[in-house]
Each structure stands twice: as C-alpha cells, then as structure tokens.
Amino acid sequence: MDDTDVTSDIVHPQVRAHINSLVSALGGYSIDDDGGYKLGDDALEVLRDLKRWIRFHDEKTNRMDVARCLAEANIVGSDLLHILAMWSPNDSGSKYRAKVALACLEVMVPLTWPIEKDHEAMTLNHHRNIPVLQLAQLGYKRAILNFDTAPILSTAIRSALPSMALSSGDRSARDQGIIKLVLYFLRNIAVIAPSPGIKYSGDETQVSRSTLVDAFSFQDVFVFLDTIASNMGDDFRAEDVIVMEIVFHLVKRVDSSKLFVSENHLHQIKADELTAAMQKEAAMLRSYGKHAPTRHSRFGTTTWVKRASGKLSTVSGQDGLLDAAARERKMDSNKSFRPPRRARKEDMEPKNLGPPVTLDERARQQLGLFVSEFLDSCFNPLFGHVRKSLEREAPHVLQYHHSQFFYLVAWFLEAERMRSNARNADSNRLSDGDEVRSFNLIAEVLTQEMFITMNRALDRAYSDKDWPLLTGVMRCFTQVLLTVQEMADSGNEEDQEIADNILSRLFYEETTHDTIANIVRTYKDQGFEYLDACTELTHTFLRILEAYAKQNVDLHVRSRKRIRRKKRAAKAAADVGRDGDQPDAEDDSADDERQAEKTSQERKFDFKRFATRFIPQGVVDTFVAFTAYYRDLDDSQLKRAHRYFHRVAFKQEMSVMLFRLDIIHLFYNMIKGPEPLDHKSPVYKDWEDLVRHIIRKCMRKLEERPALFTELLFSKINSTAHYLEYGHEKQTVSSNPRPAAELDFRRELERDQQIAIVVGVLLDRNQTDHLEWVKKQLSEAESERRAWENAEKALAAERPAGEPAVDVPADPAEPSTAKSAPHATMRPDNNARHTAMFKNPHLRLLMKLAGMERLAPTLDESPDSIWIIPGAVTADFLKEILSLINKAEFTPPTFEDGELAEDQLRRKSAPRKRAAYDDDDNQTNNVHDLINDGSDNDDGTSILFPLGGPTARKRTAADGEPPPKKQRKQRRRRREGSAEEEEEPTTEAQLEAKKLARRKRELEKRRKVKSDMYVDLREDDSDWEGNRERDALFFAGERERQAAKDASFGLSSKPASGERSAWEELLGDGDDDEEDGGGAVARKAKQVRGKRKMKSDDAALAESGDDDEESGTAASDGGSSSSARRATKRRRAAPKPKVVEVSSDDEEEVDEEEGDAMEFTQSSRDGAVTNDTPLSSNPSPAALTSAKKPAETGEGDDEDDDVPVAKAAARARPRARAGFIVESSDEE
C-alpha cells in the first residue's frame, strides 16, 4: 500500500464527499461581478449543516475528520471570511446578512477552538490529525488578522451589539449565547500560537503578539472588552472568565515594566540589555578560548598524568598541557557515566505561558494604553466578580481559570506599581487632589475576602501538588506584599493606615507562615518558574515581616495547635492507638475533651524564632538550586539569593548549613571558576565578600571541629548543625510519657471470671504472644517460688526446737517479721513487649490480676519501670492463676446479646474537679462534700483529712447531735438574760442568710487545711470504741513515762490505794463504779467556775508554799480543813489561762467562766521538780492530798516536761491549748 492510500484512509471517503459537497454549495467567486464572492442559494442552510457535522460527527465520536476536511478545503480563507466581509457596516439593518454572519461564526469557533492533548484519551485519529489542524489554525489566525477587505473582528463584534444593547433582565438565552460566541471567537484568536513542536512555514510575525495587539486595537476589540469588563456584575455575569481569559492571553509573559516608560528610556533599557548580553557572550568566549583548538591541534598530544595513588593515566589533547586543574577536568570529562533509566518526567513548566514576548513600539504603546484604561475602569469590577465566581465554583468556571486569575492579579498589580512610578517621575503629573489615588483602583484585591481566597488556594494547591496554580498564587502573594509595602511608604496617612491594617491581616494567620516555609523547603524538580516564584515569595515575605515586626513589637499571630497529641511512642506495640480508648459510658463529657481537635489561640510573634524555620537543609538546597542558574539570573534575582545566604550565615549564625562540598564549589565557581559572574555586575562585589567570609569561616570551623571534615559530604540535620556550630548538643526537655489508662470491670466478678475476660480480650485482639509471655513468666516464677518454699520447709525441719522460726529484732518495740521469698522480676523478651508493658492496658490488667506489681509503686511510672512478683505471693497462687489463664485460653468466655469480652471492661474515669465554693441551694448544708472519706458518693475532689491524724476538730451541727458544751453555753445564755436573744435573727430569711454565711466561713477555713489522711467523724463520739482504745493507750503511755521520770528523782508516782489522780478525775477517766465520785468532782468544779477569783500577793503565795513544805506527808493520812483552805487559796491565786476557741466563727466567744475548767496551779518545793498539775475539785482527802503534793501525783505532767530542779522565784502563768498544758519546751 503506497502513501496515497494511507493518506486517503485517514478520513472516510463518504465523510470527505459530504463535506466537499457542502463546501461547494456554500458559494463561490463570480465571473460576471468583478470576481466577487457570491453566496449560494442555500448558503444559510449549508452553514448550519456544516455546524451539525462538526457537532455530531467530530464531537460525539471524538474524531477530527470533519475539521480536517474543512481545513483541506480552506473554507475559512476562501469562503467564510468573504461572507463576513459582505456584511458591511452600512448594511447593518439586513437581518439575513446578520444571520449569515452569525452562522459563519458558529462554524469558525469550533474550527479555531484550542486543541488540548490528553495523552490518556488520545487515539490514532488524534495523532494523525492534530499536527495538521494546529498548522491550519495558524493559517486561520493569519487570515483573520491580516484580512484586508474588511475588519473581521469588528464584524464579529457587530453581530453581538443588538444582544448587548438589551438589559441583563431582558436578554434571552439566545442573546447570552451570541455574546459568548463572539467572546469565544476572540479568545480563540488570542490563544492560537505556534506550537513548540511544530515548525510553521509562514511568516511568524503575521501571527505574533504584536500583530494581535495591533489588530485588537485597530478593530476596537479593546473597547469592546473594556465595555463588558467595566459593567461586569451589573449587565454581564456569566462572561467574566471569558473576558479574563482573553486579557490573560494578551498580557502573559509581557514585561510590565516596559509598558509605561518613555521611548528614550526604553531605548536605553534595550541598549543596556544588549551590552549585558554582549559582555556575557565575551565572557563565555574567553572561558572557551582557554580550551579552544588551535592550528597545532592537528598534531596529536598525549600526556601521562600521575595521580595521588601512584597510578598513571593518559590524557590526549593539548588542553592537558595548560595546568593541573585542566588535566583533572579533562580526565573527569572522559569518564563515562550511565545513570539508571527512569521514566520520563512530566514537563513541570507552565504550559500556557510560553517564552517571553517582545513587542514592537506600536504594539507596546497600544497595549500600555489598554492596560491603563483597564486599570482605571475595569480592574475592580472584573476581578471582584471573577473571585466570587471562583469561590462559589460556578458551572462556567474551569480548573485553569484559577491560575489565570492569580497570574493576572499579580501582573496588573506590578503594572500599576510601574505606572505609578512612571507618573511620579513625570514632572507634568497631576496633583494629588486632582486624581484618584492609584491604590483605590486596585482595592478589590486588597480586601479580607481576597486574602482568604488567596490563602485557601495556596494551601489547596500545595496539598494537591498543583504546581502551575501554586506558582500563580505565589506570584500574586508576592505582588500583594510589594503593593502594600509601597502603600506604607507612600507618605499618605490614610494609605499608611490601610497598609498597616492589611499587613496585620496577612501576618495574623500562622498557617500562612507554615505553608510558605513548607513550600520553599519541599522544592524538587518543579521547574524554574516555580523555583523563581517560591524564592521570590520567601525573600519578600521575610523582608517585609521583619520590618513590620520591628515596628510592632506586640505583634500577635493566631496559631492552631492540637489539644492532645498522639502518643507516638506507642507505635511499636501492636495495639497502640486503640488500647485504653474505651470511654466510660457515664462520663461522655470527659471523652469529648479527650478528642484530638484543633483549637486556635493567639500568641506573641517572635521573628527570630520564625526565621529559624528557613534554616533547614531543604530551604538551603532550594536557594542553592536557584543560585546554580547564576549565569542566567538578573541582578534582582542574584541579590535575592545573596540576601538569603547572608541571613543564614551571619544573622542566624548557622553558617554550617552552607558547609557542604557542592555549595562551596558553587560559590567558588561564581567568583573564581571558569565561568564566573561578570565583574562589572552591581552585585559582584557583594557576592565576592560573602563567598570570601563563608570560606574563611569554613576553614576556621574545620580547625575547631574536626568532625566537619566528614560532615562536608552530607546535608546537616538540626542536631548535627547545632553541634558543629556551638560544640555541644542541643539541650531539649522531653515530656515524661504516661502509662496506659487503667481499666476496670463493669460488674463485680470473681477472680477467675476477671481473668477469663482479660484473656478473651487479648485473644480477640490477636495478642496471643502476650499471653504466652505471661504464662512463661508465671511458670518460671512458680517453679522458683516452689523450690524456695521446699527449701524453707527443709530448713525448718532441721532447726532445733527452741530456736524461733522468725527473725526477732533487738528492740522489743519493733514488730517481728517472718522471712519472705525473694521477688521475681518480669523481663520483657523484646522491645514490643517492653512497650506493651507500659502502653497496653489489657496486658497490664492481666499482670495485676496475676499478682504482679511495680518494684517502686510510690514513684512515677516510666517505660523503664520494673515489674515484679512480690515475695508474699505463694507458689500455689501462681499455679492457680496459670491454670485459670490456660482454661480461659482454651474455653474463652461468651456473653449475651452478642457482646464481646472487651465490652465488659471500662476505663477508669478521671476524677472531676468541682468548685469548692459551689454554694447552690441544694448543697448548702452538706458539709460532707468537703470531706473525702472514700465512700461511694465521694467523687475524690474534696479536701483530704487523715484518718486518725493529729488534726483536732470540734463537732459541728452538721455532724449530728450537738456536743454537751454547746448545751451548757445555751443554758448559761438563758440564765444571763435576753440581752443576747434580742440580737438573734427573728425571720427565716435572716436565719438562712446567717447559716449560709457561716458555712462559707467554715469552707474557707477548711480549704486551708492540708493533710495526708482522712478525718473520721466518729472521733467526736466519746462512746466510740476506737476512742476508748486510743485514750487507754495514751494514758497508759503517759503513766509509764511519768513513772520513769519520777523514778529518776527517787519519787513515787503511785497515789494512795483505791484513789484516783486529779488528772483522771478532771478528764473523767475511770471505771463505771466511780461515777458518784466523778459527779461530785464535776459539781464542785462547776461551783468553783461560778465564782470570781482574785489573785493573791507574793507574800501569801510564799507563805502557802512554806506551809506546803512543812506539812510533809502527814496530810496524806487524814485531810484537814487548813489544807483545804490553803488549796482553795492557791486555786484562787493561780492566774487564769486563756481559753483556745476551736468552734466555728459564728459562735460567740466563750465566757471567762467557761475557761475556769482549765485552770492549773503550780506547786514548788525546794529541791524538787516543778510540775504544772491541774487541780481537782474533789473535796475528798485523797484529792486534797494529791493537790497539795503534786510532785508525788505527777500523772498530769506533760510528757516533755524536763524542767531542771530549782525553786521558782515567781509563779508563772500556765498556758493551755485544747485542754493540754503547753510549756516553753513545746514552743521550741
């Protein structure tokens, strides 16, 4: 089959025949009428048939046969353009001509529609037809733009004018379609450009950007676009993205800095560019001339090079004779390297931008005029409406419209700044009062809504890896920052205030800071455009943020952090992440708080801390990759890289991040290499100083840190960089990990059932390895414990009969302890088991049920805590546990209603914190809420009091029946009269208020009490058996200590037989058969308390002391009235101690008479011990005798009473607290 057959088989013959017949019927050139084009009789119907063929054959079947047939027939240049030219502007009223023109546009729009290559959906038909159609579209564009007979673009616009004249509410769907049709036609003409892979045989200047701009300006397309864009949102709504796309293809890759300069300035700019290009070429030729071949190169040259290893290598060519470096480069260039074959990477460059565009002078002026008019009247309406369409994801918005939107915003912001600078340089510019400030013309993209859209697109593009979109967003972000900075430097107070507000909004979100740092850190083969955009954004963002942070020292940012971080340390265990997450059904609020949710909080911004995020090796590598293009970068780009490396090396003092061989080699080549920077470049001097200082610091650091010789080959992580820079590792404070949550059973179960449930949970979780390890540990411990017990039995059998089997301590007061077995240590067999012992709650519960415990339970648990089996656990117990585990493993438990073993467990809820001052009406009288007594109703949040501790506490009304002392006070108050009764509240409201105030004061006092044990409310009950036992032990100890003390002085502390001591009578301690005597003592004490006592003088006090000394022991045989009088006299002369008030604050102070019960007297004898002894009110002789001779009846002495033997010069006033004597030694 020859080539003609292959060509004829591309399109089906019948399809080609139908298309050719329709083209012939459309019309042709007439011979009679000066060779003009004549329409066929059914030209309108033919055009409609052609449209149907394109729609139903090509579009429906995904083929391009009809489009190829029409291209080969040249229908656009031969027929359609001539038909449109027949509709002259003077013949606008002809409806037929308008319909024919509109039908021509309906055929031309699909023929000029941009061809997109979808490699996944392309078929053989596409591969055959696409190159032909791309060349055909270039022909269409050339014919349309350069058609001399009539302005084709103006004719197309005239077909849409009737529809545009209608208001938006009166337009029909057909009118909307006509407007869109014309806009799409203009869009297609703007999009068509020579494809890089196809060679265009015609003159490319006829389809260049300059020709397009000239045609658009000459045929009033710019006016048409300005009209629609300025009324966007009012008269036009769905045409926003189409107009934006036309503008995008008009201005893309155009240097906006050259649009608003004068012609002379432009010539100067071009001359400078030409000079720079020539200098770059000369430098390249000089570097090439060193190794260029000469006329002597026809004579072969072979050189032997001796390497450092002693081996010889052969180098051919005369360039090996230059120097050693040239020979080494020659050998390196001859090395063959065959890299691994990888899949071809997708082209990462933006596909819709193309190469930079150069405009001629006429097109430059026309485009500059259009841009100025667009900024003045169209920028805010168009881009404000497009932004809203993008946010609501309108049906007419496509994916690539997002990147075009951000690219155009960045381009026009830069153009506005260039125009503003050109106006400022013009001496004939208008005054500030006669023109609208330029920042008002672009205010639509400086709003909070725009910033939200920009930040959302930045984050979404980065997460979705949409690099073209991310490049456009970064360009837009950079231009917004530069525009706002220019506003801040404008000198206008209003603009400066707006700029400060905008910067505070841009820098407020910490997520934006994180995204920018991540973008520049994760660069990898995204193309030079992406690299340039991310480095420019980083440089601009850091520079402006640093200046703003210096001006606003109280800058705050909103950070987003997690309430609860995941426990990463538990990943080694198989069940980590799910263990212990069974919340308590009764505590849903606590489970909600434990969820890992993000929360926002403000914190003060620290720029120095933020700048450290741009030091890691990934960011350094990004700027190194950017600097590697130093021969192609302009001065601003070189300055950007220089500022970053200067910040890292000197501002952040982390120059070690640059100490890598490839980086040092790059810096050296930029200054001293074969292709260095141009010495006449403005930035050469800065780079030379930077490279010299960095290399000098590297050499100095190599001397200080020999380890850097090795690290020169590798990238540096943060810890390595810190060590190399400062000579020590970075000190970090790590938080202590917490063990797994404790689990509990939902119901009270026996031990065997509990073990069966835990074993069932481990089996359900496929954690049988934990069971095997526990059984192994129990088996080993049981055998060791059994051997120890047998050994102890054997030793006990051999022990003599009289030898005790327990260890008897030397001190009899210490309890004797029986010998226990040594504990068995639980040793994990691998790291996973070690982690599970700390993080697996089910394994921990089984270990506790098996009798295991931690070695130091009082210390905080850590992953290295040791678990043991205590010595008190017997071998029989371990054997029983082992059998229960085996039984549960082979016969797992089953439950009703399809429940699992895990459902029988619950997590122990943490104690809830309740406010101690909660004084709701339903809890006002509940004093027990303050006491943590371990009861079922106790929530564990109240104050802890020690059970049996030293805290002295009086009974309150909330404890039950009031104490007898309060009854006595009430009776006394009734006897004293109604003076105090009148002060008592009379209404229920006053009583309730006083009760509430009293309880608040009581709660405040109790909050200050801190103890390690509980207070038992039964301690206030004297009939409680615990109090009786404790009192008996206390008095027995007192008697023993007093007897030992008296024996040391040769005294006798035993009273007369059958008599009670004054101390016992005062406290009422005695047998029941002495109730009568005790009652008499109480009655006598009450009479004494009712009298007013007077102090005696020193003479009477000394006389009574002499009488006591002379009386000796005779008074003990039979009491006398004189002795009783002297005792009464001494009682009256004794000073009254202060009574310690221990009741609540609402009670009135106890009267002086209540304190008389704690009066004490002091008896002094020459050469005897001075003791403070309480007087008894018993009038019996025995009591008088004990009161007269306290040295012999010293049972009431304090246990720490070690007063030296001396006669008291004056009678001291005894002090008492809560019924106990307090001496100076106690105070110390």
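These questions and answers walk through a sheet and some aromatic contacts in a predicted model.

Student: What is the strand order in the open sheet of three strands?

Tutor: Strands in a sheet pair through backbone hydrogen bonds, either parallel or antiparallel. Here the pairing is antiparallel. The order is β8-β10-β9.

Student: Which strands stand at the edges of that sheet?

Tutor: Look for strands with a single partner. One side of such a strand has no neighbour in the sheet, so that strand stands at an edge. The two are β8 (824-826) and β9 (853-854).

Student: How many bridges join β8 to β10, and which residue in β10 is the bridge partner of Thr825?

Tutor: β10 covers residues 867-869 and runs antiparallel to β8. Three bridges join the two strands. In β10, the partner of Thr825 is Ile868.

Student: Which helix packs on the sheet, touching β8 and β10?

Tutor: The helix spans residues 768-798. Its direction makes about 170 degrees with that of β8. The helix is α33.

Student: On to the rings. How many aromatic pairs does the structure hold?

Tutor: A pair of rings is described by the distance of the centres and the angle of the planes. The count for this structure is 31.

Student: Are the rings of Phe248 and Tyr407 stacked or edge-to-face?

Tutor: Their centres are 5.4 Å apart. Their planes make 80 degrees, and planes over 60 degrees apart count as edge-to-face. The pair is therefore edge-to-face.

Student: How many residues apart in sequence are the parts that Phe248 and Tyr407 tie together?

Tutor: Phe248 lies in helix α13 (residues 240-251). Tyr407 lies in helix α18 (residues 400-425). Both residues are buried. The pair ties together parts that are 159 residues apart.

Student: What kind of pair do Phe667 and Trp687 form?

Tutor: Their ring centres are 6.1 Å apart. The planes stand at 55 degrees, so the pair is tilted.

Student: Which helices hold Phe667 and Trp687?

Tutor: The pair ties together parts that are 20 residues apart in sequence, because its two members lie in separate helices. Phe667 is buried, with a relative accessible area of 1%. Trp687 is buried too, at 0%. The helices are α28 (residues 661-672) for Phe667 and α29 (residues 684-704) for Trp687.

Student: Which residue has its charged end over the ring of Trp87, and which lies over the face of Trp113?

Tutor: Over Trp87, the charged end sits 4.4 Å from the ring centre. That residue is Arg158. Over Trp113, the distance to the ring centre is 4.5 Å. That residue is Arg187.

Key. Residues are numbered from 1 along each chain as its sequence is written. This is a predicted model: local features need pLDDT of at least 70, side-chain atom pairs count only at pLDDT 80 or more; totals for chains, interfaces and linings use all residues. Side-chain values use heavy atoms; hydrogens and water are left out. Two strands pair if DSSP finds at least two bridges between them. Helices (H or I, at least four residues) and strands (E, at least two) are DSSP runs, numbered from the N terminus. Contact means heavy atoms within 4.5 Å. Axes are lines fitted to C-alpha atoms, for helices over the stretch in contact, and angles run from 0 to 180 degrees between N-to-C directions. Rings of Phe, Tyr and Trp (its six-membered ring) pair if their centres lie within 6.5 Å; planes under 30 degrees apart count as stacked, over 60 as edge-to-face and the rest as tilted. Buried means under 20% relative accessible area, exposed over 50%, partly exposed in between (1.4 Å probe, protein chains only). A charge sits over a ring if NZ of Lys or CZ of Arg is within 6 Å of the ring centre and within 35 degrees of the ring normal.
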